[in-house]
Amino acid sequence: TPSHDHGPGGITSFSLRHDGDIDEAALENWLTELLSVHGETILRTKGLIRTAGDPRPLAVQAVHMLLEGDRLQGRPTPRDSRIVFIGRDLDITSLQQGFAACTVAPAQGDHPCLSS
């Protein structure tokens, strides 16, 4: 998904999308590690995630290093998962790889979300 430049200070936004299920535990581990390391440059994170095994969408949001997620009641499961990052000097390739690593893998379930 394209990046959007927000003017002075080098602040940009970048969104990611995935059509299948996301492993909730892998996503939490990846985002926690990502924000603990890059929370000074990742200003805002927001997403609506379709997770394996739960029909309710997971809304995730973060400001710098503070991350939270809540299940949305009474909302249909989204057809895809989307997450947006707003920050300075975003490493788009790393974000793409980390998010892709959190997708539900067939049978093995090995999610290298914490690799850099």
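In what order do the elements of the protein chain run from the N terminus on? In this predicted model, the elements follow the order β-β-α-β-β-β-β-α, which comprises 2 helices and 6 strands. Of the 116 residues of the chain, 34% count as buried, and the chain exposes about 6,800 Å², of which carbon and sulfur atoms supply 51%. Among contacts between residues at least 6 apart in sequence, 62% join residues at least 24 apart.

The axes of helix H1 (residues 24-38) and helix H2 (residues 92-100) come within 9 Å and cross at roughly 155 degrees; because angles over 145 degrees count as roughly antiparallel, H1 is roughly antiparallel to H2. In this contact, Leu 27, Trp 30 and Leu 34 of H1 meet Leu 95, Gly 98 and Phe 99 of H2, and by class the contact has 5 nonpolar, 1 polar and no charged residues.

The structure also holds 2 aromatic pairs. The ring centres of Trp 30 and Phe 85 lie 6.1 Å apart with the planes at 80 degrees, so this pair is edge-to-face; as Trp 30 belongs to helix H1 and Phe 85 to strand E6 (residues 81-88), the pair ties together parts that are 55 residues apart in sequence. Trp 30 is buried, with a relative accessible area of 4%, and Phe 85, at 0% relative accessibility, likewise counts as buried. For Trp 30 and Phe 99, the ring centres are 6.3 Å apart and the planes stand at 45 degrees, so the pair is tilted; with Trp 30 in helix H1 and Phe 99 in helix H2, this pair ties together parts that are 69 residues apart in sequence. Phe 99 is buried, as is Trp 30, and Trp 30, Phe 85 and Phe 99 form one aromatic cluster.

Technical notes:
Residues numbered from 1 in each chain as written. Predicted model: local features only at pLDDT ≥ 70, side-chain atom pairs only at ≥ 80, totals over all residues. Heavy atoms only, no water. Axes fitted to C-alpha atoms, helices over the stretch in contact; angles between N-to-C directions. Helix = DSSP H or I, 4+ residues; strand = E, 2+ residues; numbered from the N terminus. Parallel < 35°, antiparallel > 145°, perpendicular 65-115°, else oblique. Contact = heavy atoms within 4.5 Å. Nonpolar A, V, L, I, M, F, W, Y, C, P; charged D, E, K, R; others polar. Buried < 20%, exposed > 50% of the residue type's maximum accessible area, 1.4 Å probe, protein only. Areas by Shrake-Rupley, 256 points an atom, 1.4 Å probe, with all protein chains shown as cover. Phe/Tyr/Trp six-rings, centres within 6.5 Å; stacked < 30°, edge-to-face > 60°.
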